[in-house]
Amino acid sequence: MIALTLAEAAAAVGGTLDGADPEALVTGPVVVDSRQVQPGGLFVAVAGEHVDGHDYAARAIDGGAVAVLASRQVGVPAILVDDVVAALGRLARAVVERATGTAVVALTGSSGKTSTKDLIAQVLQRRGETVYPPGNLNNEIGHPMTALRVEPGTKHLVLEMGARHKGDIEYLTGITPPSIAIVLNVGSAHVGEFGSKEGIAQAKGEIVEALGADGVAVLNADDPLVRAMASRTKGRVVLFGESRDAHVRAADVRLDATGRPSFTLITPAGSAPVNLRLYGEHHVSNALAAAAVAVELGMPVDDTAEALSEAGALSRWRMEVVDRADGVTVVNDAYNANPDSMRAALRALVSMAGRGPERRRTFAVLGEMRELGEDSLDEHDAIGRLAVRLDVTKLVAVGGREAACMELGARNEGSWGEESVLVSDADAAIELLRSQLQPGDVVLVKASRSAGLEKVAEALLADGAAQ
């Protein structure tokens, strides 16, 4: 991080020093896990549901931390504050304010945030040092922790922002005011929290409201709820998508035999071919968002297209494709699920199977999608029906009431015999797959994170390694 004295850090967070040297330098990293402390770092004592960081303050100092950010005296050098998490955000804001010359790129959306963040980061790394979060650290703790990794030479800070309540994104943008803000889409994820897609759009749009007149709002032209956010920002609007009036758009979209998309990237600065290494047509939209950011930051179109074509999947369990020795392909997309991402994953599965007499058998192992509110059963029913319409060889619905509704939807759409089946849990799904998979089959595993279906993918890959 950008170095601060403890006196400067205390002033930034509105805290007081307790037994600490005001001139001691915090050079980073800032951590919430005492086992990750490094010399010159700062330990943030977060009081969690099961573990209280204050109990590990002495261990953090022994590990080389300069001080502890705490809400009570801990017997070692500390900065004392009323609210540790809020203070963490204020500290990150102070560091970002000192990062002159750093472009802050923030994005949100109902689906695709992490994949798009990874794409943007990989593209921008060609132009200079880029800080971005591993995985999806997008809440009130992970977000400032990422921002605190900024150093004097950082050229880009790329952040994703999640929202479970109105005001969440407004809070995060207050920590890291963006110069470029992207909204990918508005779907049904968390509709149980917000009440409607319009409520979700209201919350997601907070990100473009945070822009100043010199900022840029990058909006999905193909999503009416996102496009409408143009009226909510002071910044200049750049549209991306396949719509003819999008500033950054895709033409001639096609999929190869393995389900990886190619297209012609068209921008105001020119066009160039893109051949993605990612699986599924839905990544075209993600790539266009990344391209719009790169072009706005002055990256030539040819370089942008080349970087997109070389970018891979950085975060685990998001369309993670592995081929077993026997030719079975396992697609682990078990990190999370909502109706939009579920539909995209099913279409990617079918694309990977190919066409004609050589078409591979497909298995969709699907679990519950959480936080869908009163629409939950209808949404699960619709996914079951879609699996049949896409001609998935076998739907394996895993879980309780919602999974049963998904499997019933498949039957009502016309599945027969063994084309769809309901199993109780991951272990039952593993047993079923082990008895039915054949060389060349493609297996998609997807559900909300809490369903724990990554266990299915891991078991299938372990079977392949043991062959």
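Visitor: Is the crossing in which α1 passes α3 left-handed or right-handed?
Guide: Right-handed. This holds for a predicted model.

Visitor: How do you describe the way helix α1 and helix α3 pack?
Guide: By an angle and a distance between axes. Here the angle is about 115 degrees, and the axes lie 8 Å apart. Helix α1 covers residues 6-13, and helix α3 covers residues 84-98.

Visitor: Which residues of α1 and α3 meet?
Guide: From α1 come E8, A9, A12 and V13. From α3 come A87, R90, L91, A94 and R98.

Visitor: What makes D118 and K117 a salt bridge?
Guide: The cut-off is 4 Å between a side-chain nitrogen of Lys or Arg and a carboxyl oxygen of Asp or Glu. The closest N and O atoms of D118 and K117 are 2.7 Å apart. The pair therefore qualifies. A search of the whole structure gives 26 salt bridges.

Visitor: Why is D118 called buried?
Guide: Buried means under 20% relative accessible area. D118 has 4%, so the term applies. K117 is buried too, at 0%.

Visitor: How do you know that R126 forms a salt bridge with E306?
Guide: Their closest N and O atoms are 2.9 Å apart. The limit is 4 Å, so the pair counts.

Visitor: Why is the pair of R126 and E306 said to tie parts together?
Guide: R126 lies in the loop between α4 and β9, whereas E306 lies in helix α12 (residues 301-310). The pair therefore ties together parts 180 residues apart in sequence.

Visitor: Why is E306 called partly exposed?
Guide: The class runs between 20% and 50%. E306 has a relative accessible area of 42%, so it belongs there. R126, at 36%, is partly exposed as well.

Visitor: What makes E371 and R164 a salt bridge?
Guide: Their N to O distance is 2.5 Å. Again the cut-off is 4 Å, so the pair passes. E371 is in the loop between β19 and α14, and R164 is in the loop between β10 and α6. The parts they tie together are 207 residues apart in sequence. Both residues are partly exposed: E371 has a relative accessible area of 30%, and R164 has 41%.

Visitor: Which residues do salt bridges that share partners join into one network?
Guide: D381, R385, R389 and E413.

Visitor: How do you know that K204 has no salt bridge?
Guide: E160 is the nearest side chain of opposite charge, and E160 is 8.5 Å away.

Visitor: Where is K204 found, and what is in contact with it?
Guide: K204 sits in helix α8 (residues 197-204). Beyond four places in sequence, its contacts include T108, K113, I169 and M229.

Visitor: Why is N275 called partly exposed?
Guide: Its relative accessible area is 42%, which falls between the 20% and 50% limits. N275 belongs to strand β16 (residues 270-275). Leaving out residues up to four places away in sequence, N275 touches P261, S262 and S309.

Conventions: Residues numbered from 1 in each chain as written. Predicted model: local features only at pLDDT ≥ 70, side-chain atom pairs only at ≥ 80, totals over all residues. Heavy atoms only, no water. Buried < 20%, exposed > 50% of the residue type's maximum accessible area, 1.4 Å probe, protein only. Helix = DSSP H or I, 4+ residues; strand = E, 2+ residues; numbered from the N terminus. Axes fitted to C-alpha atoms, helices over the stretch in contact; angles between N-to-C directions. Left-handed = near helix turned anticlockwise from the far one by under 90°. Contact = heavy atoms within 4.5 Å. Lys, Arg positive; Asp, Glu negative; His and termini not counted.
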